[in-house]
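Trainee: I am new to this structure and would like to learn how to read it.
Mentor: Then let us go through it one feature at a time.

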Amino acid sequence: MSEQGSTTPAKVYFAPMRSPMKRSMVARVGGLLGRAGLADAIADGDLVAVKLHFGEQGNTGFVSPVYLREVVRRIRDAGGKPFLTDANTLYRGERANAVEHLACAIHNGFSFATVDAPLIIADGLDGRDAVEVPVNGKHFESVRIGSAVMHADAMVVVTHVKGHEATGFGGALKNVGMGLGCRSAKQRMHSDFKPEVTPETCTACARCVRWCPVKAITIGPDRYAVVDYDVCYGCGECVAACPYGAIATQWKTDATSIQEKIVEHVAGALDGKDGKVVYLSFVTAVTPDCDCFSFSDAPIVPDIGVLASTDIVAIEQAAFDLVTQAQGLTGSRGEGLSAGADKFIAITGVDGTHAITYAEEMGLGTTSYELVRVD
């Protein structure tokens, strides 16, 4: 995190898509990391988590492995030992456990051979490998973050900026907060949760019984899981535990709460890494939906460029502003949206700026920034 509580504008470095100097965007991305202070963030021998979204199978919006290879090279040049990482998903797609998650990543072009670094799923095989981090937020006193990231010395956050059906805007805050929360943490972010068991689906395997931290679940006489709601405190571990989907994922929440909960998980993920995190945000192929979908809709604005900063709030504000200032693309869901219009609220109906405001309130950075063009 950067300059907490400071009123000094944070520097956000910007490489627009057009290069008057005819330099490769791959090289310019590496240059952005250098300008943003990557060498200062990494000490010799640091284990460096590179947080990204590997994309769902069928999705094409995620950041290309070509760029990740350059990120890895720059980290190695700075003396770090990089690994690519993300945490398992709550929904039952292609990335709900480490086996399928890694297979999906390789399918989408991410492997040691292509990026020159290992891939490690942050919360382990089944989404349970996490560290409890105190945050003292409005919603949570502590949050559970994938252990691989918490044990890393430094982090580079590579974000594909896009819309999101629940949060309106999906940038670096969502990439870190929702992205690095373990599976049960994702459940807590998505809902004020109390588990509901579907008896017809339950096999009485008792995995939920073993995982429940307060012993609120038993296998009843009718051979399905029974929850004692007087004991249950809604941690979401049982949803993460059930391999059969018998304990339903709860998605219902309001847009303000989910954004605040995500930010509180960002605070947890950044704990202990002051001055050790650099952010890289791709404002390209800005789709209206999350990269968790198995398809990518048409981009809503033209490709704008890439941003780098050590301040997560500043880079988020800058990315949002650049999309706002762009003209909506004909033939997309942004068609007819003029420069100056909030594209994300127009498309999703959700004001995605609350997360940025709340992150600043929590001292994670500043919305005041200076955009520095890098050609």
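**Reading the model**

Mentor: Asp321 has a relative accessible area of 19%, so Asp321 is buried. Buried means under 20% relative accessible area, exposed over 50%, and partly exposed in between, with a 1.4 Å probe and protein chains only. This is a predicted model, in which local features need pLDDT of at least 70 and side-chain atom pairs count only at pLDDT 80 or more, while totals for chains, interfaces and linings use all residues. Residues are numbered from 1 along each chain as its sequence is written, and side-chain values use heavy atoms, with hydrogens and water left out.

Trainee: In which helix does Asp321 lie?

Mentor: Asp321 lies in helix α12. Helices (H or I, at least four residues) and strands (E, at least two) are DSSP runs, numbered from the N terminus.

Trainee: How do I read an aromatic pair, and how many does the structure hold?

Mentor: Rings of Phe, Tyr and Trp (its six-membered ring) pair if their centres lie within 6.5 Å; planes under 30 degrees apart count as stacked, over 60 as edge-to-face and the rest as tilted. The structure holds 7 aromatic pairs. One of them is tilted, because the rings of Phe62 and Phe110 have centres 5.7 Å apart and planes at 55°. This pair links distant parts of the chain, 48 residues apart: Phe62 is in the loop between β2 (47-51) and α3 (65-77), and Phe110 in the loop between α4 (98-107) and α5 (112-115). Both Phe62 and Phe110 are buried. The rings of Phe169 and Phe320 have centres 5.5 Å apart and planes at 85°, so that pair is edge-to-face. Phe169 lies in strand β9 (residues 168-170) and Phe320 in helix α12 (residues 312-325), so the pair ties together parts 151 residues apart in sequence. Phe169 and Phe320 are buried.

Trainee: Which residues do ring pairs link into a cluster?

Mentor: Phe54, Phe62 and Phe110.

Trainee: How is a pocket found, and what is the volume of the largest pocket?

Mentor: Rolling a probe the size of a water molecule over the atoms shows where empty space is left. On a 1 Å grid over the protein atoms alone, a pocket is an open set of points where a 1.4 Å probe fits, with protein on both sides within 12 Å along at least five of seven lines; lining residues have an atom within 4 Å of a point. Grid points are joined across faces, edges and corners, and a volume is the space filled by probe spheres set on the points. The largest pocket has a volume of about 550 Å³. It is lined by 29 residues, of which His164, Lys174, His190, Cys290 and Cys292 are the closest to its centre. The largest share of the lining, 4 residues, comes from α7.

Trainee: α11 (255-269) also supplies at least two residues of that lining. How many of the residues of α11 are buried?

Mentor: 13 of the 15 are buried, so α11 is largely enclosed by the rest of the structure.

Trainee: Where does Gly124 lie?

Mentor: Gly124 is in the loop between β4 (119-121) and β5 (130-134). Gly124 counts as buried, at 14% relative accessibility.
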